[in-house]
Amino acid sequence: GVMDMRSRKMVGFAFTVEGSSMSILTAMRPALLSYGPPEIFYVDNGGDSRKVGRAICPLIGIQPQFCMPYHGQSKPIERQWRTMKEQLEALFATYTGGKPELRPDATVVEMARHRKLLKLGAPQLSNHPSASYFIRIAAAWIDQYNSTPHNGRGMDGRSPNEIFQECPNPAQRPPFEPAELVK
């Protein structure tokens with residue numbers, strides 16, 4: 001995910017099976033096309049993130065800034081993902097939670113049924129949501145998150161969308177054209 005740290009607006013995201021530098025770039029693409037390149041891109045310290053920060057950001061005129069290692073509070077987006085997990089994933093009957101010992105028995109039964117259906121080649125009979133359905137629901141959740149008033153520090157009951165509109169970055173460059181990102 002890509003978050004504007006000033007407003008906490010999610011400006012880009014991608015859902016992938018495994019994280020990689022390509023998945024990070026896939027999440028960056030809608031932000032760059034819709035809002036333009038930021039002056040500074042705050043980057044995690046994982047290998048793929050560092051690769052994007054060191055190799056790709058300078059190519060497109062973005063200064064990378066690496067967060068403090070092993071310090072979750074240095075990455076505001078981590079809290080946003082936790083909120084999403086708490087509010088969105090828990091809506092599904094097949095939600096397994098973060099700790100196995102806290103899983104409801106019905107979920108354990110549903111997971112066993114799902115694994116059996118996968119082995120039988122009948123995943124469509126599972127009660128798990130398909131990836132495409134979950135992604136559509138998650139995108140809608142992110143839209144709602146961006147337009148919901150927040151009470152955190154500096155938010156004062158305004159939504160990320162409102163703050164993003166009210167407090168534009170005077171140095172913000174225009175969005176990229178799609179062809180510019182292919183070079």
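A salt bridge is a side-chain nitrogen of Lys or Arg within 4 Å of a carboxyl oxygen of Asp or Glu. The model is predicted: local features need pLDDT of at least 70 and side-chain atom pairs pLDDT 80 or more, whereas totals for chains, interfaces and linings use all residues. Residues are numbered from 1 along each chain as its sequence is written, and side-chain values use heavy atoms, leaving out hydrogens and water.

**View 1. Salt bridge between Arg-113 and Glu-110.** The closest N and O atoms are 3.3 Å apart. Both residues belong to helix α4 (residues 105–119), three residues apart, about one turn of the helix; helices are DSSP runs of H or I with at least four residues, and strands are E runs of at least two, numbered from the N terminus. Glu-110 is buried at 14% relative accessible area, while Arg-113 is partly exposed at 35% (buried, under 20%; exposed, over 50%; partly exposed, in between; 1.4 Å probe, protein chains only).

**View 2. Salt-bridge network of Arg-79, Arg-82 and Glu-86.** Glu-86 meets Arg-79 at 3.9 Å, N to O, and Arg-82 at 3.3 Å, N to O. Arg-82 and Glu-86 lie four residues apart in helix α3 (residues 76–87).

**View 3. The largest nonpolar core, with 14 residues.** Such a core is a set of buried Ala, Val, Leu, Ile, Met, Phe, Trp, Tyr and Cys residues joined through side-chain atoms within 4.5 Å. Those with the most contacts inside it include Met-28, Leu-32 and Phe-41. Helix α1 (21–35) and strand β3 (40–43) each supply at least two residues, and α1 gives the most, four.
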